[in-house]
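Please look over the sequence and the model shown below, and keep both at hand while you read.

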Amino acid sequence: MQIAGLASNRGRNLLHMADTEPGGAEFAVVLTNEEGAPVLEGAVERGIPTEIVAKADDETREEHEQRILKRLKEYDIDLVCLDGYMRILTEEFLDNAPTTLNVHPSLLPSFPGMDAHEQVLDAGVSVTGCTVHVVDETVDGGPIVTQEPVPAFDGDDTNDLKERVLHEAEFTAYPRAVKWFVQDRVTVEDSEVSVEGDDGGQFPARRLSSDDRGRELRYGENPHQDAAVYVDAASEEASVVHADQLNEGAKALSYNNYNDADGALNLIKEFDSPAAAVIKHTNPAGCATAGTLDAAYERALSTDPMSAFGGIVALNRECDATTADLITDSFKEVVVAPSYTDAALDVLFEKDNLRVLDVGELGAPSEPLTEKDLVGGRLVQERDLQRPTADDLEFVTEREPTDEQVETMRFAWQTIKHVKSNAILFAKDTETVGVGMGQVSRVDAVRLAAMKADEHAEGKDAEGAVMASDAFFPFPDGIEEAADAGIEAVIQPGGSVNDKDVIEAANEHDIAMAFTGQRAFKH
């Protein structure tokens, strides 16, 4: 699609679209009605042809527009985009030009006209933005194609609003509208605009979110990075963002504390039985379920007590004094639980630097999506809530696992979902034995889990354990390493072109193996 841009001044939206080429659109020409308009230099730098059609003093508006139309007809133009073009176009011009768009710096129909930002400030509204509309003979009254909101803050002046609306709203909405036209998704009929595929649902065509700053943090992941935590007030699921810090005199949570505590809480939400997890750098140093909470914590800690030093503890039951005593035996940064007994708080509050978070009743997961920020955007996906039953597993080896091993497989699978990929996890009963996380080689992940089990775990080792792998084994070498470590059963997704060789290796070592049919990557 070829665009003609009309501007009277800087034309920053036009130049931005020339740089980003939304939908593959290109500028055939940039035309201005002002001699020396800054947009001309920007267009020339980008190799875009330019035209200057200034209005003569003795020239009528209609005559001036006829000269503009004559110049535009020299180019193959599909769409006209205005940007600060300080002329009201007549119906005759619009009838003879291609569809013409403009961007206005407010959420029309509110605050039309020249002084939109002043009107916004005078009205004291908390949200402003921009509107991309089809130009008609009215002033800012044409049918709306799309809008983009931005906040207006107490203390803003017109320059603050102008820059925010330009960079956060106009640079988003105007290219979006042009892209829709390039894709032939826009229909304009009887002063109404409809856009094909502009729909809602779980993954809507556009996402608008408004989170309130909870507080500024001391720093981000590293001391040279500034950071803040934002709060989604609409979220009702138990979370560390909404948690009460019970020992108010202790230092506040850091960026890394929030990140790790969130990972720990999400892990223990997996289990119905009393469960405990110790997290370090978002990975489980250990996790376990048991008949009592203190037993679950002891078993989780014993997986890798060295790595658990300075970690985050999460519990899925009310924390009692016995469990609190165990937690405070070694240095921990944060403990997260749905509630605490008074006796437990007396114990925990003795540690000045241990932050105690009460997240309230855990309940069922209610937030359906997770997201990860990228530079220039974000990834959004459904949460991994898979919880395979024994009937969901496919047993593929000559040796079938025992009922006890199947339960361990299920525990291991629910836990490995929270281990960074490539991930391998060794477990016995319903407790971790060794965890190999974040490796670029699955074989190295097996070796790491074996080393952790045999060298770091207290009172347990890999012999006779169940191994979980978050993705399939591409070759039999991972099974060979597992056999050397003493693994007796494996749970993995399956689906490799070499599944037959992997199963054969398991049979050779008398290892039981189950396929889930689903992988559990976490990046």
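The axes discussed here are lines fitted to C-alpha atoms, for helices over the stretch in contact, and angles run from 0 to 180 degrees between N-to-C directions. The model itself is predicted, and every value below was computed from it.

**Two helices that cross**

Two packed helices are described by the angle between their axes and the distance between the axes. For helix 5 and helix 6, the axes come within 9 Å and cross at roughly 115°, and the crossing in which helix 5 passes helix 6 is right-handed. On the side of helix 5, the residues that take part are His-117, Glu-118, Val-120 and Leu-121, and these meet Thr-158, Leu-161, Lys-162 and Val-165 in helix 6. Sorted by class, the residues of this contact are four nonpolar, two polar and two charged.

Rolling a probe the size of a water molecule over the atoms shows where empty space is left. The second largest pocket holds about 1000 Å³ of space. Its lining is made of 34 residues, and those closest to the centre of the pocket are Gly-84, Tyr-85, Met-86, Val-103 and Pro-105. Two or more lining residues come from each of helix 1 (12-20), strand 4 (79-83), strand 5 (100-104), helix 5 (116-123) and helix 6 (158-182). Helix 6 gives the largest share of this lining, five residues. The lining as a whole divides into twelve nonpolar, twelve polar and ten charged residues.

Helix 1 also has a buried side to consider, since Asn-13, Leu-14, Leu-15, Met-17 and Ala-18 in helix 1 are buried, where buried means under 20% relative accessible area. These buried residues of helix 1 pack against strand 1 (2-7), strand 2 (26-32), helix 2 (38-45), strand 4, strand 5 and helix 6.

**Enclosed cavities**

How many cavities of 30 Å³ or more are there? The count comes to two cavities, and the table sets them side by side.

| Cavity | Volume | Lining residues |
|---|---|---|
| Largest cavity | about 40 Å³ | Pro-284, Ala-285, Thr-303, Asp-304, Gly-434, Val-435, Met-437 and Lys-452 |
| Second largest cavity | about 30 Å³ | Arg-61, His-64, Glu-65, Ile-68, Tyr-85, Arg-87, Ile-88 and Leu-89 |

Strand 14 (283-289) and strand 22 (431-436) each supply at least two residues of the lining of the largest cavity, and that lining has four nonpolar, two polar and two charged residues. The lining of the second largest cavity divides into four nonpolar, one polar and three charged residues.

Just after helix 1, Glu-21 takes a positive phi of about 45°. Asp-184, which is not a glycine, has a positive phi of about 60° and lies in the loop between helix 6 and strand 8 (186-189). Asp-184 is exposed, with a relative accessible area of 63%. Ser-191 likewise has a positive phi, near 60°, and is found in the loop between strand 8 and strand 9 (192-195). With 55% relative accessibility, Ser-191 counts as exposed, because exposed means over 50%.

Cis peptide bonds are a further feature to find in the model. One joins Leu-108 and Pro-109, with omega about 10°, and Pro-109 is found in the loop between strand 5 and helix 5. Another joins Ser-421 and Asn-422, with omega about -10°, and Asn-422 is found in the loop between helix 12 (403-416) and strand 21 (424-428).

Conventions: Residues numbered from 1 in each chain as written. Predicted model: local features only at pLDDT ≥ 70, side-chain atom pairs only at ≥ 80, totals over all residues. Heavy atoms only, no water. 1 Å grid on protein atoms, 1.4 Å probe; cavity = no way out; pocket = protein on both sides within 12 Å on 5 of 7 lines; lining within 4 Å. Points joined across faces, edges and corners; volume = space filled by probe spheres on them. Helix = DSSP H or I, 4+ residues; strand = E, 2+ residues; numbered from the N terminus. Nonpolar A, V, L, I, M, F, W, Y, C, P; charged D, E, K, R; others polar. Left-handed = near helix turned anticlockwise from the far one by under 90°. Contact = heavy atoms within 4.5 Å. Buried < 20%, exposed > 50% of the residue type's maximum accessible area, 1.4 Å probe, protein only.
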